Amino acid sequence: MSILVKNLTKIYGSQKAVNDISFEVGKGEIVGFLGPNGAGKSTTMKIATSYVPPTEGQVMVGGYDVVSHSIDVKRITGYLPEHNPLYLDMYVHEYLRFIGRLYGLRGRALKNRVEDMVMLCGLTLEQNKKIETLSKGYRQRVGLAQALIHDPDVLILDEPTSGLDPNQLIEIRKLIKDISTNKTVVFSTHIMQEVSALCDRVIVINQGEIVADDQLSNLMKGQQHETVVIVEFEGNVSLQHLRALTGVKSVEVVGNSQFKIMAHAGVDLRPEIFRFAADNKLSLIGLKQEENSLENIFRELTSMQGA
Amino acid sequence: MIQVAVKEFRSFLNSLIAYIVIGVFLTSLGLLMWVFPETSVMEYGFADMDTLFSLGPYVLIFLIPAITMRSFAEEEKSGTMELLLTKPLTDWDIILGKFLASFLLVLFALLPTLIYYFSIHALGNPAGNVDTPGVIGSYIGLALLSGVFCSVGMVASSITSNQIVAFIVAAFLCFLLFTGFESIATLNIWSANALLIKQLGILYHYDALSKGLIDSRDVVYFLCVGAFMLMATKTVLSARSW
């Protein structure tokens, strides 16, 4: 087990940031850590990198306890903190060499490793620049490069894609996906698409408590209460006729000849509606099944007010 | 520890800090020692380096806090402290690394003043009539004093994320340690314990070393104050876990 969190509680002053959470992340797994701002994602990550100690409970990373064996934990972990702090007055190469040396890399090995990281993170053109002159996306890559320089078993990334433009977003995601093949990766985000783009398993945390820990596909299924179809006809259609269709639970008028038809989960209404239109010689100009969106799941999971 | 020290020292050299510190230190001491009539060796008429050793500490009271003020305050402010503390380093690696870098920079600033010794050596009548053991003792005293000032700077920088606060606190503490106790001892209220209070300050021990007599008690005093300050820094750093 790469990461083991057992009954972890963290209290800042009088505020409970994390409340009795437990989860495990297996070797080679990628897990998305999802939650609204202030849910306790960063706190959990800071504890797992032994930056702050837990108030109660136990966290083991790679078999080492974060309190009693913090140096061992730090050695096998690569960490990209939130807001990606960097020494702005250093050059990219200089910075990566410095971080590499902190992890005990020397000489030839260090040189090779820095070159590999520059290549892997797409920094070739920027490698001789000062970090302060780099754009946000490139700084993020430098942050990732420093987290990866010692080829860590466990990678902890705190909001690795926040504040990036859409192109950079896709590039950084691809980068994370590429490097995650043989590593345990835990990353936090508050964007659902990120999780679906990167991994299968997701841990949703809200107000310091885990509200879901499952495969994303299960989560989508589990949260689906009904299927919704939006139809638009040309001309008038009576509500009664639509309600009489088999499988329909309820019908709502959305606009002029536009209806929102709800059915029980798993029922596909579209063939039925199409036949109905054909039988009544109606022109069907719109027929769309609404996906139970990731945002909806997220909202549903995190709006439950914890006791 | 070495890696942190090397990185810190490089950032001194890459920024203007190192050159300004060394430049200002040497310029001000050079002027005091050779040009300004009130303190100049030329006017004074005796071939000794007292000017350097008596005024040097006052220059250092301002210069050393300027070097050390950024060491923790800036890391705290820019968030790089989190970066450093999640690397496989102990708190001591970080503290000693930063301390050594600052200390080394001050020693580099002191180094060129050795030329003064040779100038004065030549100016003596007859030539070479200089109190060499006194000079050696004074240099050891000045180096130890710089070390203590650097360690004071570490504490001051670790308690705040504001560099200006760090500077002022460090300068005040250095001043207090250097002459403060001496002045306090002159107050009438505790005249019975005046000597004891004097001995708490740096000046007493610094003067003793300047005489060329390396008393282990004085050296131990400097080492203890330095160690105490570094330990205080360590305590402040670990306080994040409370």
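Analyst: Gly163(A) counts as partly exposed, because it has 13 C-beta neighbours inside 10 Å. On that scale, 20 or more other C-beta atoms within 10 Å make a residue buried, 12 or fewer make it exposed, and anything in between is partly exposed; C-beta atoms are placed from the backbone. This is a predicted model, in which local features need pLDDT of at least 70 and side-chain atom pairs count only at pLDDT 80 or more, while totals for chains, interfaces and linings use all residues. Residues are numbered from 1 along each chain as its sequence is written, and chains are lettered from A and ligands numbered from 1 in the order in which they are written.

Gly163(A) sits in the loop that joins strand 7 (154–158) to helix 6 (166–179) of chain A. Helices (H or I, at least four residues) and strands (E, at least two) are DSSP runs, numbered from the N terminus. Between Gly163(A) and Glu132(A), 31 residues apart along the chain, the C-alpha separation is 17 Å.

Now the core. The largest nonpolar core holds 130 residues. Such a core is a set of buried Ala, Val, Leu, Ile, Met, Phe, Trp, Tyr and Cys residues joined through C-beta atoms within 7 Å. Tyr95(A), Ala145(A), Val148(B), Val152(B), Ala170(B) and Cys174(B) have the most contacts inside it. Helix 9 (residues 132–158) of chain B gives the most to this core, 11 residues. Beyond its neighbours within four places in sequence, Tyr95(A) touches Leu86(A), Tyr87(A), Met90(A), Ile131(A), Val142(A) and Gln146(A); contact here needs C-beta atoms, placed from the backbone, within 7 Å. A second, separate core has nine residues, among them Val229(A) and Ile261(A).

Helix 9 of chain B also packs on helix 7 (residues 91–110) of chain B. Their axes come within 9 Å and cross at roughly 140°. Axes are lines fitted to C-alpha atoms, for helices over the stretch in contact, and angles run from 0 to 180 degrees between N-to-C directions. That angle makes helix 7 of chain B oblique to helix 9 of chain B. Angles under 35 degrees are roughly parallel, over 145 roughly antiparallel, 65 to 115 roughly perpendicular, and the rest oblique. Helix 7 of chain B contributes residues including Phe99(B), Phe103(B) and Leu107(B), and helix 9 of chain B residues including Leu142(B), Gly147(B) and Met154(B). The contact divides into 10 nonpolar, five polar and one charged. Ala, Val, Leu, Ile, Met, Phe, Trp, Tyr, Cys and Pro count as nonpolar, Asp, Glu, Lys and Arg as charged, and the others, Gly among them, as polar.

Next, helix 12 (residues 202–210) of chain B. Its axis and that of helix 10 (residues 163–185) of chain B come within 6 Å and cross at roughly 100°. That makes the pair roughly perpendicular. Leu177(B), Phe178(B), Thr179(B) and Glu182(B) of helix 10 of chain B meet Ile202(B), Leu203(B) and Tyr204(B) of helix 12 of chain B. By class: five nonpolar, one polar and one charged.

Helix 12 of chain B has another partner, helix 13 (residues 216–238) of chain B, with axes within 9 Å and a crossing of roughly 140°. The two are therefore oblique, in a left-handed crossing. His205(B), Ala208(B) and Leu209(B) meet Asp218(B), Tyr221(B) and Phe222(B).

Technical notes:
A crossing is left-handed if the near helix is turned anticlockwise from the far one by less than a right angle, and right-handed if clockwise. Two residues are in contact if their C-beta atoms, placed from the backbone, lie within 7 Å.
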